[in-house]
Amino acid sequence: MEILRSRGSSSTTAVNDGDSAGKSKVPAKKPSSKYNEEISSDSETERQTNVDYEYDETPQEKKLRLAKQYLEQLKEEEEKKAEDESFETELIAGRLQEQVLEQKGKLQRLIAKDILPPDASEIRVLRGHKLPITCLVITPDDKCIFSAYTLNGKKLHTIHGGRKGTEDRHVGHTAHILCMTISSDGKYLATGDMNKLIMIWEAETCKHLYKFTGHKGPVSGLSFRKGTHDLYSASHDRSVKVWNVDENAYVETLFGHQDIITGLDSLSRECCVTAGGRDRTVRVWKIAEESQLVFHGHEGSIDCIQLINEEYMITGADDGSVSLWSVNKKKPLSTVKQAHGCHGDAGLEQPHWVASVAALQNSDTVASGSHNSQIQLWKCGHNYRGLEPLFSVPLSGFINSLKFSSSGQFLVAGVGQEHRLGRWWRLKEAKNGIYIIPLKRKLLNSEEANVSEQ
């Protein structure tokens, strides 16, 4: 196993009355009262104008003006503070609403419409496995991919497999690894193999911690309950087992499937979901109540399953169909038949098997993989009442595993030349490897609401 910051100026005009000098004495003519009134009026206006331009602000008036400015500034600051507090309150209320909806399993972030198809040149390819990749997980911080082997595109650590029959002296797996999971705090990595064994590792160092035994068939599904170190496992022996990793302890076993279990998933609730292969059932296991709900819908072997949130899940089958389910309905809410098309001669066409599915948690975006040289992304309709194709990503080979990053910024595909559950046929043109597909989004307005309550 391998691990892959002014003043204005004024002018005045003097009016001088001239005397008329004559040879005879003529009494001086008294100016008319009208003339006096006009001169008097003009002079008064000019004096008032001079006073206006030469006006000096008194200390008291200056204090009053500054006080008014200060009050206006305080008012503006209070209004801005109120706006900031209102925005922060709305933000907190929005987050609390999301938490409540997530706990109820009803949170659906509407982001599918904003995801842009990636350019082929943007897809990163990480090679290193000689055999087909059967499973992978991404650490909660999106920094590390276990397939088991890479960190930021560089080989981080290799846990070599041993030969069959060396189980007693070899630390690690000696058979094909079929499944793996990582705890939500990134502390523990669990892996399951064809030899019926579950290995527990320290995720950061890949140090081997425990070995769980008890299954009577290959271990085909593993999942940590979110927020805990409770581990659920599924096997070809048709059973589901519960383990406590902190205590290195077995808890209980649940039975119900009539055929091998091909996949398992869980979130925060004390329950898990499983795909039952050729018994054509999906089951929801209520661990505390030791009960189960049985769902029917696919016509072929159900080979993969993934929870979208606590209430909805996606499955894929070898009849070529992808189905969307509610844990409250015994039949699928929506089914897309021949989701990846068909192959074969005319009249003998067979649908491409759906080998893997993935869901971006608490959103309306899911993905499916087959061996028709493409990964298909889907948009879940309102209230999960339909599946609409978004776009496809060309990729040659069997898409044996798909995982969205926690941030939703990329999708990781584990690709092999052969199907993860058997060597029925081989695609020679395919390359075993990990493909990191960026999921860019359209630019959005910050005020645009992207949360929907079901």
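This is a predicted model: local features need pLDDT of at least 70, side-chain atom pairs count only at pLDDT 80 or more; totals for chains, interfaces and linings use all residues.
Buried here means under 20% relative accessible area, exposed means over 50%, and partly exposed covers what lies in between (1.4 Å probe, protein chains only). Residues are numbered from 1 along each chain as its sequence is written, and side-chain values use heavy atoms, with hydrogens and water left out.

**Overall make-up**

- The protein has two helices and 34 strands, where helices (H or I, at least four residues) and strands (E, at least two) are DSSP runs numbered from the N terminus.
- Its accessible surface comes to about 25,400 Å², and carbon and sulfur atoms account for 48% of that; the areas come from the Shrake-Rupley method with a 1.4 Å probe, and for residues only the protein chains shown count as cover.

**Salt bridges**

- A search of the whole structure turns up seven salt bridges, each being a side-chain nitrogen of Lys or Arg within 4 Å of a carboxyl oxygen of Asp or Glu.
- One of them joins E122 and K440, with the closest N and O atoms 2.7 Å apart.
- That pair ties together distant parts of the chain, 318 residues apart: E122 sits in the loop between strand 2 (107-109) and strand 3 (124-126), and K440 in the loop between strand 33 (433-438) and strand 34 (451-453).
- E122 counts as partly exposed because its relative accessible area is 31%, and K440 is partly exposed too, at 48%.
- R65 and E57 also meet through their side chains, at 3.0 Å from N to O.
- R65 is partly exposed at 35% relative accessibility, and E57 is partly exposed at 38%.
- D230 pairs with R225, the closest N and O atoms being 4.0 Å apart.

**A hairpin to look at**

- Strand 19 (residues 281-286) and strand 20 (residues 291-296) run antiparallel and pair over six bridges; for strands to count as paired, DSSP has to find at least two bridges between them.
- The two form a hairpin with four residues between them, and E290 in the turn has a positive phi of about 55°.
- Across the pairing, R283 stands opposite V294 in strand 20.
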